Structure formats: structure tokens, C-alpha cells
Amino acid sequence: MTQDELKKAVARAAVEYITPKLFNDSIIGVGTGSTANFFIDYLADIKTRFAGAVASSDASAERLKKLGIDVLDCNSVSELVVYVDGADESNAYLHLIKGGGAALTREKIVRAISKEFVCIADGSKWVDVLGKFPLPVEVIPMARSYVARELVKLGGAPVYREGVVTDNGNVILDVHNLQIIDPVGLENAINQITGVVTNGLFAAKPADVLLLGTADGVKTIKAL
Ligand code: 5RP
């Protein structure tokens, strides 16, 4: 199976997984990226089963609207029944690296108000130790150089993602050379640096379930 076929398989599995949890007034959280895009497309098939969605990016909001799914302002919703999104890496604790698509801050906000986070990923995202994928950090533009120097002190090699401005008007530093042995500790340490909006570690609040696409089918994985 190709990587896209695996992404489609987990996207379809996510629709099946969430369908029994939905009521007419349910609002769901929808993520960002190529796997999330497949999920949005399949979600259109069950759009009459729920009330609407909160999106983690402008791009996903546009895709949802084009398919006739109502998109709500996050501030008008107190709780999302479920949040479905992809990831760049996951370990066995379902600690994730996210933000390859630069949507990490809104993804963390959507995750924060969701009862359950269902991560969907093809098998290439499964790792023993997080950090091979460079860790995205969203930064207020005027703090870029300062934050980069602080990230070097934490053992990383930050690289400015040229030409990318987030939906929040900020910039991204991708931190290479990290072997993330303590994901919760590193997530908190980076978030303490002045000028950091947030980083792409989802460890303090990991995924609740991972639907992982493999050659043997979609595996449903709960955190260790
Ligand atoms: C966007 C993300 C995505 O979920 C992550 O980059 C995975 O993307 P894809 O599904 O395209 O592999 O965090 O900010």
C-alpha cells in the first residue's frame, strides 16, 4: 500500500470510530494536513449526523465549508466531543510531534477543549523515541533570534522555516537533533521561553487513541 492509501484507510477508520459518538448537536474538532484532509472528505458522508466542526486551520475550515459542513468559532464552543488529526510522529505513550503543517497552536487549542483526541497516521509516523522529525516551535516574530539561542541551550539545532507565516501571524522554528527522552519535560521547558507561543509536542495532553495504518490493516492503539 502507498502512504496515501494508508492515510485514506485511517481517515475512513476514524469516521467509523467517531460515528457512534455523534448526536445531532455534536461539534467535532478537525485537524490539518494531508491525513486530516482525507478525513474531512470522508466526513462529508456523515455530515447530517452532527452539528458542525471547529477547525485547527484556515485551510481545513475552507475544505469543511466547501463540503457543506458548518464551521464554528472556537470561542462559541465549550467542548468538542472528539478531535481527529494527524501527526508527524507518535511514540507508544501517544506523545506526538505535530506542526509539520504549521498549525500546532490551533491544534493544541482544539485538543484542549476536546473530550477525546483520535490521532490518525500512517505507519511511518510510529517511533521509539520522538525527535527524528524536527520539532516545530511557533514564535512571535520579534523573538525569533532570542528563542533560537535558547533552543540551542536545550540541545537543539533550530532552523527558521523560511517563507511560512502561521494563521496567527507568527513564524516557525524547526528544531533538529533532538532525542526526546522526556517529552513532557521538554514541552514545558520550551513553552517557558519568552516569545514562544507553543511547541509541537503533544505530551502533557497526548492522544487518547491512535489509528495507525499498516500493511496488515488499521491498528487501534491506546497509550501505554
Ligand atoms: C499540521 C500537523 C499534521 O497533523 C502533521 O504535520 C501530519 O501531516 P500529514 O497528515 O500531512 O502527514 O500537525 O500542523
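Ile 120 is buried, at 0% relative accessibility, where buried means under 20% relative accessible area, exposed over 50% and partly exposed in between (1.4 Å probe, protein chains only). The place of this residue is in strand β6; helices (H or I, at least four residues) and strands (E, at least two) are DSSP runs, numbered from the N terminus. The model described here is predicted, so local features need pLDDT of at least 70 and side-chain atom pairs count only at pLDDT 80 or more, while totals for chains, interfaces and linings use all residues. Residues are numbered from 1 along each chain as its sequence is written, and side-chain values use heavy atoms, with hydrogens and water left out.

Around Ile 120, contacts (heavy atoms within 4.5 Å) beyond four places in sequence include Val 10, Ala 14, Phe 39, Val 84 and Leu 211.

Next comes the largest nonpolar core, which has 28 residues. A nonpolar core is a set of buried Ala, Val, Leu, Ile, Met, Phe, Trp, Tyr and Cys residues joined through side-chain atoms within 4.5 Å. Ile 18, Ile 28, Val 30, Phe 39, Leu 43 and Leu 64 touch the most other members. At least two residues each come from α1 (3–18), β1 (27–30), α2 (34–43), β2 (52–55), α3 (58–66), β6 (117–122) and β12 (209–214), and α1 gives the largest share, 6 residues. A second, separate core of 20 residues includes Val 137, Val 171, Leu 173 and Ile 190.

Lys 98, found in the loop between β5 (96–97) and α4 (104–112), is buried, with a relative accessible area of 2%. Its side chain reaches the backbone oxygen of Gly 86 at 2.8 Å, and a polar contact of 3.2 Å joins the side chains of Lys 98 and Glu 107. A polar contact is a pair of N or O atoms within 3.5 Å; within protein, one must be able to donate a hydrogen and the other to accept it, and residues adjacent in sequence count only if both atoms are side-chain atoms. Among the other residues that Lys 98 touches are Tyr 83, Asp 85, Phe 117 and Phe 202.

Ile 140, in the loop between β7 (135–139) and α5 (144–153), is partly exposed at 37% relative accessibility.
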